[in-house]
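Student: I'm new to this one. Can you walk me through how some of its helices pack?

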Amino acid sequence: MNADDFFNQGLDENLQAEYQGAMSDDKLLCIDADYTQAINLNDDWVEAYYHQGLIKSAELKDYQGAIADFERVIEIDPNCAEAYYHRANARYFLEDYEGAIADHHQALLINPQFAQAYHSRGNAYFIIGDYDNAIADYHQTIELSTQLANYIHLDIAKAFHYRGVERGERGDIQGAIADFQQALQWHPYSATTYSSRGSAYHALGEYQQAIADYERSLQLNPDLPEAYHNRGNARYALQDYQGATEDYNRALEIYPNFALAYHNRGLVRAHLKDYWAAIEDFNQALLLNCNDAQTFCQRGLVREKIGDYQGAIADLSLALQINPNLALVYGYRANIYRQLGAYQQAIADSNQLLELNSNIAEAYCDRASAHRQLGDYQTAIEDYHRALQINPDLVEALYGRGVARENLQDYHGAVKDYTQAIELLPEFSQAYCHRGNARRHLGTEQGAMADYNKALQINPNLLEAYYNRGSLRYAQADYEGAIADYTQALQINPQVAAFYSDRANARYVLQDYQGAIEDYDQAIDINPSFAEDWYNRGRSLSMLGDLQAALTDLDQALQLQPHWALAYIVRADIYRSLEYYQRAIADFQKAAELCYLEGNLQYYQQILDAIAELQQ
């Protein structure tokens with residue numbers, strides 16, 4: 001047999017096998033062998049290489065062998081467009097998409113009417129994400145081939161769809177919507193495309209339009225979990241929390257491993273303050289995706305809400321371990337550290353946040369608050385300055401700077417800051433209260449009283465305002481008014497010793513010694529280490545004639561504060577009343593010694609006169 005015989009035999013067997021249906025591997029190898037024999041007898045036979053390449057590519061899946069055959073065809077006949085086309089397809093199956101595109105391009109240079117080459121090149125462009133060129137090639141295919149146009153609509157729809165997804169990811173939402181609309185013109189029954197267009201409308205804040213697309217998607221495919229999930233997101237944005245929860249539930253019924261649905265349902269439950277259920281959802285999400293930094297962050301924030309600060313810190317730390325560039329998470333953790341009084345750790349986290357983003361005014365403000373709590377008022381003021389340079393209307397920074405200035409006795413600066421804060425937030429009761437404190441230090445008691453009154457008008461439960469107004473009333477000799485304010489403060493918090501002490505002092509001035517003693521009793525029960533309360537209760541007891549009890553209290557006061565001249569004087573007076581003259585003289589002598597050391601020479605002389613009188 002000559003070369004023609006082998007070639008014709010292979011071709012006949014090929015045609016016969018195609019007519020009969022699927023070819024066996026043995027049959028394919030026989031056909032390939034016939035073409036090989038033909039090539040061995042005639043090394044330049046293009047048709048033999050070409051048909052052998054087709055068998056290897058289409059039937060034997062020997063793509064490397066097919067490429068070698070088509071390369072030989074091209075070597076012999078450089079203008080064989082079909083050889084470039086088939087070599088491109090073999091390269092495509094080997095995932096050499098750039099090589100495939102180059103071959104299709106060459107085929108089309110030779111034959112610009114080669115519709116199948118446009119279609120295949122479009123597929124290669126599609127697979128590498130070059131949707132613009134894919135769409136252009138698909139359109140060209142339709143123009144050239146009515147036959148191909150009948151089944152290429154889906155390819156064009158997919159190309160528009162994926163280009164829309166890509167545009168959405170780049171932030172070109174309007175471009176994405178336009179592409180999804182094009183996709184739906186070519187394939188109007190794509191549930192996935194409706195869902196994707198809904199997500200684009202969601203990104204624009206057009207939630208009702210988004211919901212309409214999700215519902216159309218679910219009409220086409222009632223079991224599409226993404227559409228339920230995405231509709232849940234839109235309902236959540238519209239504050240339809242029940243509807244959102246129902247959608248997340250349905251998504252999870254269809255696809256129980258939908259981690260993002262657990263995450264978002266957890267967000268809804270956290271918003272509704274169903275914190276334990278939210279934590280359960282975040283737990284499930286993390287079982288499915290243990291590297292989701294956002295879920296760790298959200299679980300941490302919920303744990304903070306229930307007072308589990310250590311758990312919250314652990315979760316936020318895990319989020320940062322996964323992604324150290326989550327700037328705001330450093331801020332969240334810094335806030336928890338401040339609540340725990342761990343101000344140095346809070347400052348370290350604020351530093352990290354500001355390294356990642358130096359334009360967050362709130363971060364400077366938070367760091368300033370930590371410095372202020374540590375008593376570093378000047379550094380705090382510097383950070384408040386930076387915060388206000390970024391955002392001059394940041395009320396928290398104005399207020400915080402006012403507090404720092406007040407602590408540095410810059411009362412004029414403090415009043416200015418509090419006033420600006422009040423102008424921005426007229427219902428800021430704490431700012432009124434602190435401005436009242438600063439005005440009182442400046443001697444403007446009338447302005448201070450007006451500020452305390454305004455603070456309590458805004459917030460009738462502002463403990464600090466009652467106490468400070470009571471203190472001002474006491475200083476103005478309005479003892480009844482002071483008692484009323486201290487009583488209000490005690491109704492809000494009955495566990496503050498100072499409130500009882502100060503109310504007792506006011507009652508003592510009004511000669512309500514029994515009422516004063518009762519208040520000193522309460523103060524001492526709460527804080528038995530405060531010498532002044534023992535001293536003052538002793539004075540009150542002496543005024544009621546219970547001198548022995550008074551002595552016991554003065555003894556305790558002097559045990560707590562051994563260098564208190566006035567306590568020695570009062571005890572000496574009681575000893576003198578009880579005719580314990582030697583004890584009286586000893587206490588007066590101790591008092592005289594202390595007054596002399598303190599430079600209080602007037603009291604010193606008066607005490608010496610008392611001692612001389614007792615010694616006569």
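Predicted model: local features only at pLDDT ≥ 70, side-chain atom pairs only at ≥ 80, totals over all residues.

Student: Are α22 and α23 roughly parallel or roughly antiparallel?

Tutor: Look at the angle: their axes cross at roughly 155°. Angles over 145 degrees count as roughly antiparallel. That makes the answer for α22 and α23 roughly antiparallel.

Student: Which hand does the crossing of α22 and α23 have, left or right?

Tutor: Stay with α22 and α23, whose axes come within 9 Å. Their crossing is left-handed.

Student: How many of the residues in the contact of α22 with α23 are charged?

Tutor: α22 brings residues including Tyr 377, Ile 381 and Leu 388, while α23 brings, among them, Glu 396, Arg 401 and Arg 405. Sorted by type, the contact has 8 nonpolar and 3 polar residues, and the number of charged ones is 3.

Student: On to helix α18 (residues 309–322) and helix α19 (residues 327–339): at what angle do their axes cross?

Tutor: The axes of α18 and α19 come within 10 Å. The two helices are roughly antiparallel to each other, and α18 passes α19 in a left-handed crossing. The angle is roughly 155°.

Student: How many nonpolar residues are in the contact of α18 with α19?

Tutor: Residues of α18 including Ala 312, Ile 313 and Leu 316 meet residues of α19, among them Val 329, Tyr 330 and Ile 336. The contact has 2 polar residues and 1 charged, and the nonpolar count is 11.

Note on methods. Residues numbered from 1 in each chain as written. Heavy atoms only, no water. Axes fitted to C-alpha atoms, helices over the stretch in contact; angles between N-to-C directions. Helix = DSSP H or I, 4+ residues; strand = E, 2+ residues; numbered from the N terminus. Parallel < 35°, antiparallel > 145°, perpendicular 65-115°, else oblique. Left-handed = near helix turned anticlockwise from the far one by under 90°. Contact = heavy atoms within 4.5 Å. Nonpolar A, V, L, I, M, F, W, Y, C, P; charged D, E, K, R; others polar.
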